[in-house]
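Dear colleague,

I am passing a structure on to you, and below it I have set out what was found in it. Please read the notes with the model open beside them.

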Amino acid sequence: MKLIKNICCIGAGYVGGPTMAVIAKNNPHINVTIVDINADRIAAWNDEDLSKLPIYEPGLADIVKETRGKNLFFSTDIDTAIDTSEMIFISVNTPTKTYGKGKGMAADLKYIELCARNIADVAKTDKIVVEKSTLPVRTAEAIKSILHNTGNHVKFDILSNPEFLAEGTAVEDLLSPDRVLIGGESEEAIESLANIYRSWVSPEKILKTNLWSSELSKLTANAFLAQRISSINAISELCELTEANINEVAKAIGMDSRIGSKFLKASVGFGGSCFQKDILNLVYIARSYNLHAVADYWEQVIIMNDHQKRRFSDRLIKTLYNTVSGKKIGFLGWAFKKDTNDTRESAAIYVADHLVSEQAHIAVYDPKVSAVKVQTDLNYLNSRSEEDNLKHVVTATNPYDALKDAHAVAIMTEWDEFKTYDWHKIYTHMKKPAFIFDGRNILDKHTMETIGFEYYAIGQ
Ligand code: UDX
Ligand code: ADP
């Protein structure tokens, strides 16, 4: 087994940043350098003021404070970091393709390929290359081919080590993972990586598989998790038309130990950078092998999720007397889940877009998302001009401004602080009847109705 003294991680994002910070914290004898082509991002990681780190994750700033400048470094000098490391993690983004073959379905691997070519150009000594980003099955083969055909005849071992952390709990998930998965062909390379994790993870939790099982396990884990949410959301629609309550149904089925209680929260729809992308990937791969029944089966998880988002805005419009034109709707939350500033694929974006198409005026308050981000997210959909988005969607710096004179509140993210607001005060300053559409089922129906609100939740 090769002892690793220097690690380079390409990509200083939601995966690379927290993962490397935790590796550095638990391996003081290893120098970890995170590099990125985005100089602003690297500058933010190096900012003296830890509240300016580019990623918000509970507990992350403390670990960065403890390790930065000691054995954790952030840099834009990619070549030097590759050259001086024995192990290189690839943690760049792999968005869904927006052009050409596989558009809207397949993963865009251009960033991964650029990384592989960069490593091949620079490497003068043997390297272990670790895939950290979520990738379609058999990506390792592409990386291997590029490295072996363009490199300076040095030896490259490719490992797949998918990340299972969830945003908002990244540090916790990294510190006590359910399992660490390492796929590869070289037992020696696998051991070198396992050894790094053994600094804080017990050996029985470190699972070793072949490369392809590891890649496919990551996609499958995300597909199963997303499927649970679509399943409970499908039942939530039925609950709304019957006397059943989705929270009661979820509790009742969750107590069956075979089903389990986690990931059964009905919501306005799942978001995040992984679920939709990974399922689309799975669907694309299945179709490319002509497995149409398999592809259709998993695609239904996405179809249900889109339906849930649409259904939420349709219900809001219908309840507000079939029109939201010129009405103010206050959005609480824009992030795809609580405790993160990440908004990728957030249900809020799609619901807002639909409501703006119906000429609503939206005021957003999210504790961690900036006004610029809200506009960028909307503009990305290309539904109307940037000026029109600016005219229809504003961002408030506190919740009470966002909800003042609003016809309805839409709760889009389950931030804990929303539960503690002065809902009497909010009610007083809203238009009457004052409606709440709780897309996360975080408020108490009875309490809200006692205050005077007309309260609508998911599956109740
Ligand atoms: C997910 C996986 O959990 C993680 O293992 C993988 O590494 C990356 O993808 P993440 O996207 O960060 O993590 O968040 P997650 O907690 O899984 O939530 C995803 C979405 O599902 C969020 O929009 C969340 O609000 C929603 N959700 C989750 C529900 O609507 N109901 C639930 O019961 C759980
Ligand atoms: P994830 O959620 O997968 O971590 P992010 O988008 O948060 O995704 O982070 C990926 C990072 O990878 C971005 O900061 C991006 O600038 C960086 N990146 C993409 N391609 C390259 C490359 N070829 N070299 C260095 N960094 C890259």
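A polar contact is a pair of N or O atoms within 3.5 Å; within protein, one must be able to donate a hydrogen and the other to accept it, and residues adjacent in sequence count only if both atoms are side-chain atoms. An oxygen atom of ligand 1 makes such a contact at 2.7 Å with a side-chain N or O atom of Arg440, while a backbone N or O atom of Glu167 is likewise 2.7 Å from an oxygen atom of the ligand. Taken alone, ligand 1 exposes 670 Å², of which the protein buries 91% (Shrake-Rupley areas, 1.4 Å probe).

Please keep in mind that this is a predicted model, in which local features need pLDDT of at least 70 and side-chain atom pairs pLDDT 80 or more, whereas totals for chains, interfaces and linings use all residues. Residues are numbered from 1 along each chain as written, chains are lettered from A and ligands numbered from 1 in written order, and side-chain values use heavy atoms, without hydrogens or water.

Around ligand 1 there are 20 residues (a heavy atom within 4 Å), and Phe164, Ser267 and Phe336 are among the closest.

With regards
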